[in-house]
Amino acid sequence: MATPDPSHISKAQQLVASRVVKGHSNASISAKLQRSESTVRSHIQKGSKIVGCASGSSRAMYAHALLTRKQVAPPSTPRTGIHFTAREERLLHALVTHSRIDDIARAAGIHRDDVRLETDALRCKTRALNNAHLVGIAHSLKIFERAAHEAPEGAPHASVPGL
């Protein structure tokens, strides 16, 4: 019997993770997979450690780590022709590198009171169910890849974090 690769999440963790990046809640994942919510939480916690997320990382950060490490496929985009401004891309990068609102605001260059409002607007624009799904959609649109390769020197784009 082959030993599991410690750098890859298990099949059970992958089933849960693929639903996380599609915006599903623990309760809906639990119902769909016919597992308890505590089992779903456990798979997320163990998967988070495997992909290098620190304790207290947000679901958006977890989704980004999963997708960056190609542990799961990105979700399909709900519509075509979605374009992000530099400000929106900075906010996306902040969401995948920080979990606290003050840190997200500072990294995105916006006021802390505007983080939720601007994140809600991005979710509306992309039809994302939550921030993890928003990150998944951004990955499917190759936002993080493009920003890492195309940002001119001195541009306000953040580099893609390795998590």
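Biologist: Let's start with α1. What covers its buried residues?

Modeller: The cover on the buried residues of α1 includes α2 (26-33), α3, α4 and α8 (131-140). Helices here are DSSP runs of H or I with at least four residues, strands are runs of E with at least two, and both are numbered from the N terminus. Cover goes by contact, meaning heavy atoms within 4.5 Å.

Biologist: And which residues of α1 are buried?

Modeller: In α1 (residues 11-20) they are Q13, V16, A17, S18, R19 and V20. Buried means under 20% relative accessible area, exposed means over 50%, and partly exposed is in between, with a 1.4 Å probe and protein chains only.

Biologist: Before I go on, what are the ground rules?

Modeller: This is a predicted model, where local features need pLDDT of at least 70 and side-chain atom pairs count only at pLDDT 80 or more, while totals for chains, interfaces and linings use all residues. Residues are numbered from 1 along each chain as its sequence is written, and side-chain values use heavy atoms, with hydrogens and water left out.

Biologist: OK, big picture. How many helices and strands does the chain have?

Modeller: Nine helices and zero strands. Buried residues make up 41% of the chain's 163 residues. Of the contacts between residues at least 6 apart in sequence, 66% join residues at least 24 apart.

Biologist: Which residues touch the most other members of the largest nonpolar core?

Modeller: V16, V20, V51, Y62, L66, L91 and L92, out of 40 residues in that core. Helix α4 (residues 59-68) gives the most to the core, with six residues. A nonpolar core is a set of buried Ala, Val, Leu, Ile, Met, Phe, Trp, Tyr and Cys residues joined through side-chain atoms within 4.5 Å.

Biologist: How many residues of α4 are buried?

Modeller: Eight of its ten, so α4 is mostly covered by the under-20% cut-off. They are A60, M61, Y62, A63, H64, A65, L66 and L67. Just after α4, K70 takes a positive phi of about 55 degrees.

Biologist: What does Y62 touch?

Modeller: Leaving out residues up to four places away in sequence, Y62 touches A17, V20, H43, I44, G47, S48, V51 and C53.

Biologist: Where is R87, and what does it touch?

Modeller: R87 is in helix α5 (residues 86-97). Not counting residues up to four places away in sequence, R87 touches I110 and E118. R87 is partly exposed, at 37% relative accessible area.

Biologist: Last one: what's the phi of Q34?

Modeller: Near 55 degrees, a positive value in a residue other than glycine. Q34 lies in the loop between α2 and α3, and at 71% relative accessibility it counts as exposed.
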